[in-house]
Amino acid sequence: QKPILLQGHERSITQIKYNREGDLLFTVAKDPIVNVWYSVNGERLGTYNGHTGAVWCVDADWDTRHVLTGSADNSCRLWDCETGKQLALVKTSSAVRTCGFDFGGNIIMFSTDKQMGYQCFVSFFDLRDSSQIENNEPYMKIPCSDSKITSAVWGPLGEFIIAGHESGELNQFSAKVREQLSNIKEHTKQINDIQTSRDMTMFITASKDNTAKLFDCTTLEHLKTFRTERPVNSAALSPIFDHVVLGGGQEAMDVTTTSTRIGKFEARFFHLAFEEEFGRVKGHFGPINSVAFHPDGKSYSSGGEDGYVRIHYFDPQYFEFEFEA
């Protein structure tokens with residue numbers, strides 16, 4: 001089945017994200033444009049204009065009223081999803097690498113990079129208190145002195161966030177008190193992406209050490225490992241099957257010297273329990289930087305270094321095969 005090709009960015013994709021219902025797909029890239037698309041037919045609904053640098057992260061709250069973006073222009077911005085109007089702007093000392101709404105959509109968190117002499121911080125703002133954003137005073141700010149955060153997501157019920165670091169470490173930071181709840185190091189290199197399962201009981205990490213790993217959200221217990229021959233940039237868990245999709249390929253700077261066949265630019269499907277690969281989908285002309293399953297599990301999207309986003313709908317046999325198995 002032919003994928004739907006979304007062409008709305010001039011530079012490589014950094015993150016793609018569905019809203020909770022899955023009717024909208026948000027895409028951000030190393031250009032200042034934030035795009036929103038209808039996921040059913042790939043029609044572009046609009047853009048959120050205001051950033052002046054690469055946009056690293058995007059998130060939408062549970063009822064798709066607000067959109068949050070973090071950028072290399074040293075800002076985190078809150079948008080009205082429907083009108084595209086900028087509602088709030090938080091200026092930071094360094095690039096904003098990760099951002100996200102909590103379970104209820106009232107609290108936002110974002111992490112800033114360790115650069116230009118500034119430390120890496122995780123900041124928490126309560127949107128119900130407008131003075132916090134106006135005065136740029138988060139109700140909590142946690143410093144991360146050792147290695148910068150490269151990916152972060154909210155844990156179940158907004159109690160804590162799970163952060164992956166450049167060093168390969170995983171941390172849980174409480175969203176209520178200024179403390180680190182737990183810390184493990186299962187990866188040997190940088191963690192590029194973290195995504196939770198639909199019921200928020202597990203999460204999967206994608207790392208430069210050529211593996212993706214599955215963990216328990218509350219205990220951080222390491223459950224499964226999915227191995228490849230190339231760095232993994234992104235990994236997502238299917239909401240309806242025991243399936244995992246990984247996206248990656250070799251480092252972006254080596255791409256020009258490699259043919260697409262050797263570069264391993266396919267999206268790769270693994271079985272969650274058996275850790276075995278059962279399928280690959282070709283298409284991108286460079287490493288895949290972000291993958292996401294549609295919340296109904298009937299399609300998935302991938303965004304690549306080539307600047308394209310591809311929406312793939314699964315064949316009917318995919319569902320028959322799984323139910324028979």
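Me: What makes Cys99 count as buried?

Reply: Its relative accessible area is 6%. Buried means under 20%, exposed over 50%, partly exposed in between, with a 1.4 Å probe and protein chains only. At 6%, Cys99 is therefore buried. The model is predicted: local features need pLDDT of at least 70, side-chain atom pairs count only at pLDDT 80 or more, and totals for chains, interfaces and linings use all residues. Numbering starts from 1 along each chain as its sequence is written, and side-chain values use heavy atoms, with hydrogens and water left out.

Me: How many disulfides are there, and how do you know?

Reply: The count is 0. A disulfide needs a pair of cysteine sulfur atoms within 2.5 Å. For Cys57, the nearest cysteine sulfur is that of Cys99, 3.1 Å away. For Cys99, the nearest one is that of Cys57. A separation of 3.1 Å is not within 2.5 Å, so this pair is no disulfide.

Me: Why is Cys57 called buried?

Reply: Its relative accessible area is 2%. That is under 20%, so Cys57 is buried.

Me: What makes strand β6 largely enclosed?

Reply: Strand β6 covers residues 55-60. Strands here are DSSP runs of E, at least two residues, numbered from the N terminus. Of the 6 residues in β6, 5 are buried, so the rest of the structure largely encloses the strand.

Me: How do you know that β6 pairs with β7?

Reply: Pairing takes at least two bridges found by DSSP between two strands. β6 and β7 (residues 66-71) share 5 bridges, and they run antiparallel.

Me: What stands out about Thr64?

Reply: Thr64 has a positive phi of about 55 degrees, although it is not a glycine. It lies in the loop between β6 and β7. Its relative accessibility is 13%, so Thr64 counts as buried. Asn74 also has a positive phi, near 60 degrees, and is a residue other than glycine. Asn74 sits in the loop between β7 and β8 (75-80).

Me: Why are β10 and β13 called edge strands?

Reply: Their sheet is open, with 4 strands in the order β10-β11-β12-β13 and antiparallel pairing. β10 (96-101) and β13 (140-144) each have a single partner strand, so one side of each lacks a neighbour in the sheet. The twist averages 15 degrees from one strand to the next. β12 (residues 120-126) and β13 pair over 5 bridges. Among the partners, Phe124 has Met140 in β13.

Me: Which strands are the edges of the sheet that holds β22?

Reply: This open sheet runs β22-β23-β24-β25, 4 strands, with antiparallel pairing. Its edges are β22 (232-237) and β25 (277-281), each pairing on one side only. β24 (residues 267-271) meets β25 over 4 bridges, in the antiparallel sense. Phe269 has Gly279 in β25 as its bridge partner.

Me: What makes Glu277 and Arg268 a salt bridge?

Reply: A salt bridge puts a side-chain nitrogen of Lys or Arg within 4 Å of a carboxyl oxygen of Asp or Glu. Here the N to O distance is 2.8 Å, so the pair qualifies. Glu277 is partly exposed, at 30% relative accessible area. Arg268 is at 6%, so it counts as buried. Salt bridges with shared partners join Glu229, Glu266, Arg268, Glu277 and Arg280 into one network.

Me: How close are the N and O atoms of Lys148 and Asp113?

Reply: The closest ones are 3.6 Å apart. That is within 4 Å, so the pair is a salt bridge. It links distant parts of the chain: Lys148 is in the loop between β13 and β14, Asp113 in the loop between β11 (107-112) and β12, 35 residues apart. Both residues are buried. Arg77 and Asp73 form another salt bridge, at 3.5 Å, and both are buried. The structure holds 11 salt bridges.

Me: Is Val40 buried or exposed, and how do you know?

Reply: Its relative accessible area is 61%. That is over 50%, so Val40 is exposed. It lies in the loop between β4 (34-38) and β5 (44-48).

Key: Axes fitted to C-alpha atoms, helices over the stretch in contact; angles between N-to-C directions.
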